[in-house]
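My entries follow the order in which I looked.

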Amino acid sequence: MQEPGGKPRVFSGIQPSGGLHIGNYLGAIRNWVRNQDRYQNIFCIVDLHAITVPQDPAALRENTLDLAAIFKASGIREDQAMFVQSHVPAHAELAWILECFIPLGWLERMTQFKEKSGKERERSSAGLFAYPALMAADILLYDTRFVPVGDDQRQHIELTRDVAQRMNQRFGDIFVLPEALIQKSGARIMGLDNPENKMSKSLAADAPSHAIFLLDPPELIRKKLARAQTDAQPEVRFPAGPDVRNLLEIYATIKELDWPTVEREFAGKPYSVLKSAVADAVIEVLTPIQQRYRAIRSDDAGLMAQLREAADRLAPVANGTLLRVQQAVGLR
């Protein structure tokens, strides 16, 4: 798969581990849709990453189709390479080779493992610990130039570059060194219940009002925003506290407004006005996505066939990289 017209290749991935929320859409998916003609894109549903923590098999299969349908409903075109990670075995094969060249200390320093394992470190799966090696394999298999990630994922890109450089120095130039593509605006939407925590699928499991999911009906969206935390003052004031600033950030990002414009619109207004405006903006964006999603999910067989076709199209690229690495390290 050559880069057509000089377009740099971009690899993007999301786990099928539950519903996507408005932070996922504003921080990632909307930008992917807009950049379809700017880059040569590979959109991956990373189901192998999902099983690093316990999953219900039926739910995992359903979430995989859900995620693919949401990608399409959000505007990812059929001519783009959208596939399921486990449908291309080279991901797991390259991950094992990379694990053999990543020092244990590099993995022990990864903050995501510390956060996800928490007090259950000794009971966590080896897959969760080695997760960064699989993520590196995902990226390196396709000679990726850029990886759109939030700032909290930057460490994973750094590890990917480190292992690629280590192997390039030993075996020659077998890997392209990827770079993180950080989206500043809207890249870090916080929870409605606590502005100290980034909006998260896992936190929403224990706090129903934490996140707005892309498939939430309008009445539920309004209910969640009505319960969102605000500042102690009776009205919007600037500089706003973190709770109110998060609501303003959601509104500004959806409406694509600069901060001075948002300040002029809401300064001195009751919080009820701000919450209603945010709800209107979110519902306006999500309603057509939800309508398209329902139409796409009415033909699951057709959706799965598209995912399989994309995997078949990408497999020769991934297998070519894997063979190059296998030859370099002496496996072929």
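**Entry on cysteines.** I note at the outset that the model is predicted. I asked how many disulfides there are. I counted 0 disulfides, the criterion being a pair of cysteine sulfur atoms within 2.5 Å. I then looked up the accessibility of two cysteines. I recorded cysteine 44 as buried because its relative accessibility is 0%, under the 20% cut-off.

**Entry on peptide bonds.** I asked which residues a cis peptide bond joins. I found phenylalanine 238 and proline 239, with omega at about 0°. I placed proline 239 in the loop that runs between helix H11 (218-226) and helix H12 (242-255).

**Entry on phi.** I kept in mind that most residues other than glycine have a negative phi. Aspartate 143, not a glycine, has a positive phi of about 50°. I located aspartate 143 in the loop between helix H8 (131-140) and strand S4 (146-149). I listed aspartate 143 as partly exposed because its relative accessibility is 22%.

I also noted glutamate 256, where phi is positive and near 60°. Glutamate 256 sits in the loop between H12 and helix H13 (259-266). Is glutamate 256 buried or exposed? I recorded glutamate 256 as exposed because its relative accessible area is 53%, and exposed means over 50%.

Notes. Residues are numbered from 1 along each chain as its sequence is written. This is a predicted model: local features need pLDDT of at least 70, side-chain atom pairs count only at pLDDT 80 or more; totals for chains, interfaces and linings use all residues. Side-chain values use heavy atoms; hydrogens and water are left out. Buried means under 20% relative accessible area, exposed over 50%, partly exposed in between (1.4 Å probe, protein chains only). Helices (H or I, at least four residues) and strands (E, at least two) are DSSP runs, numbered from the N terminus.
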